[in-house]
Amino acid sequence: MGRWSVVAVVVAFVSLSWLYGCVSTRLPAVSLEVAGEAAAPGVLAPFGADPAITTADDWSARRAPLLREAFQANIYGRFPEPAAVTVESRQTLAPGDLEGVAVIEQWRLTAGPSAFSMLLITPAHAQGPVPVIVMQNFCGNALVYPDVSGVDGPRHGLPAECSNSWMQPIVPLIFGDAIMTPPTEMILNAGYALAMVYAGDVVPDQAEAAAPFLEALTPPGAPPEQRTGAIAAWAWTYLRALDALAEDPRLRPDRVVLWGHSRNGKAALLAAAMDERPAAVIALQAGTAGASLGRDAIGESIAQITGTYPHWFAPAYAAFAGREAELPVDQHQLIALIAPRAVLIAGARRDQWSDPIGAVRAAQGASPVYELFGASPFVQEDLRQGVYERPLATYLRNGLHGVHSLDWREAIAFLDAQAR
């Protein structure tokens, strides 16, 4: 690679790190040893005035509502109210390179004050209803499938990082071959449909541009410090997509999977914690306020994430910068709200910024709730290999913050193992 090519890659790496939700990417390899204090507070321990939890019924009836309230009040802001979803139009698109493999439809949806497009990609020769993986992307559906004509572009314009066409060929070199476009044929051949949404249509991912959209989605009467954050709005977008897909006879309503990387992984976890319909969540490198413990002094701090992305969270969250130990909730409790459903949490050896060890410790902290529901406890003997026969699993691959075809192979292996 020539000198100027190297410079271009470095510049692109620094610039694009903003797009994929990491202010900085630290390159030293993450240890393969799990170290640190147990996640706190204990997931079944007393929580405020609520006594210790001893049964699954107590968890569902008493503790889960308190935790959902605490996450909204302190981290994500008020979850937008449910809104009826209207399918304004459905259009079948020519599948391009996926001819004979896929049927591609574009749905235009409205929900409350929001409008967004969704691609539904189903196996061309499916026999009976199939599971569906619902995912969000970073740059809009049209850039995910550039060879499919007629795909809607972003409603509010491209993010600056996505509009630099000279960077686009460099993106896979840095962030993985599947960061922009998933291995669709692999997914379809494995027997899964794919629903694709660009949540920037609902709330743009720039603080100033996001403000009026967040105001419109914040429930009436919410305190200013609990204004809806973009992560909550994007989680709400996942659920509105589920509403639209619910009546499609080609899809199995009992096997809906939410898939997200980085900030989209945060939103996928929150969506499943707030709604019981998703059967599984695949969260890749979701990091701070996602899958990793907030009290860790490793990776992205509250000060850093709220300073760079203030619109992602409730204003109240920024007040815990430097006071992480005072957070009333942590991410093991968010994962526990999804129990006993399947959750796969992925990390990367060169992505210390997302604190993958903190995510393993969060899974350990959530495990008692899975056991309370009669599920097998979380076990992780080799961080590089998940134990996919158990509903809560993690793995740590080589490489950087990004998405590779390997991540999709691991996700499919996990989902297949959980389809019992």
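Two residues are taken to be in contact when heavy atoms lie within 4.5 Å. On this basis, in the predicted model described here, residues 24 or more positions apart account for 74% of the contacts in the chain with a separation of 6 or more. The chain comprises 14 helices and nine strands. Its radius of gyration is 20 Å, close to the 22 Å that the globule rule gives for 420 residues, so the chain is as compact as a globular protein of that length. Along the principal axes, the C-alpha atoms fill a box of roughly 55 × 55 × 45 Å.

Of the 420 residues, 57% count as buried. The accessible surface of the chain comes to about 16,000 Å², and carbon and sulfur atoms contribute 55% of that surface. Charged side chains number 28 positive and 41 negative, with the centres of the two sets 2 Å apart.

Helix 7 spans residues 207–217 and has A210, L214 and L217 as buried residues. These residues cover an arc of only 55° around the axis, which puts them on the same side of helix 7. The cover over the buried residues of helix 7 includes strand 3 (114–123) and helix 8 (230–245). On the face turned away from the buried side, helix 7 carries the exposed residues E208 and E215.

Strand 8 (residues 342–348) contains A342. With a relative accessibility of 6%, A342 falls under the 20% limit and therefore counts as buried. Leaving aside residues up to four places away in sequence, A342 touches A279, A280, V281, P391, F414 and Q418.

Backbone geometry was examined next. A cis peptide bond joins A339 and P340, with omega about 0°, and P340 lies in the loop between helix 12 (331–336) and strand 8. The peptide bond from A40 to P41 is also cis, with omega near -5°; P41 belongs to the loop between helix 1 (3–19) and helix 2 (56–76).

Positive phi values occur at S262 and A289, neither of which is a glycine. For S262, phi is near 60°, and the residue sits in the loop between strand 6 (251–261) and helix 9 (263–274). S262 is buried, its relative accessible area being 2%. For A289, phi is about 60°, and its place is in the loop between strand 7 (280–284) and helix 10 (302–308). A289 likewise counts as buried, at 1% relative accessibility.

How values were computed: Residues numbered from 1 in each chain as written. Predicted model: local features only at pLDDT ≥ 70, side-chain atom pairs only at ≥ 80, totals over all residues. Heavy atoms only, no water. Helix = DSSP H or I, 4+ residues; strand = E, 2+ residues; numbered from the N terminus. Rg over C-alpha atoms; globule rule 2.2 N^0.38 Å. Buried < 20%, exposed > 50% of the residue type's maximum accessible area, 1.4 Å probe, protein only. Areas by Shrake-Rupley, 256 points an atom, 1.4 Å probe, with all protein chains shown as cover. Lys, Arg positive; Asp, Glu negative; His and termini not counted. Charge placed at Lys NZ, Arg CZ, Asp CG, Glu CD. Arc of directions from axis to C-beta.
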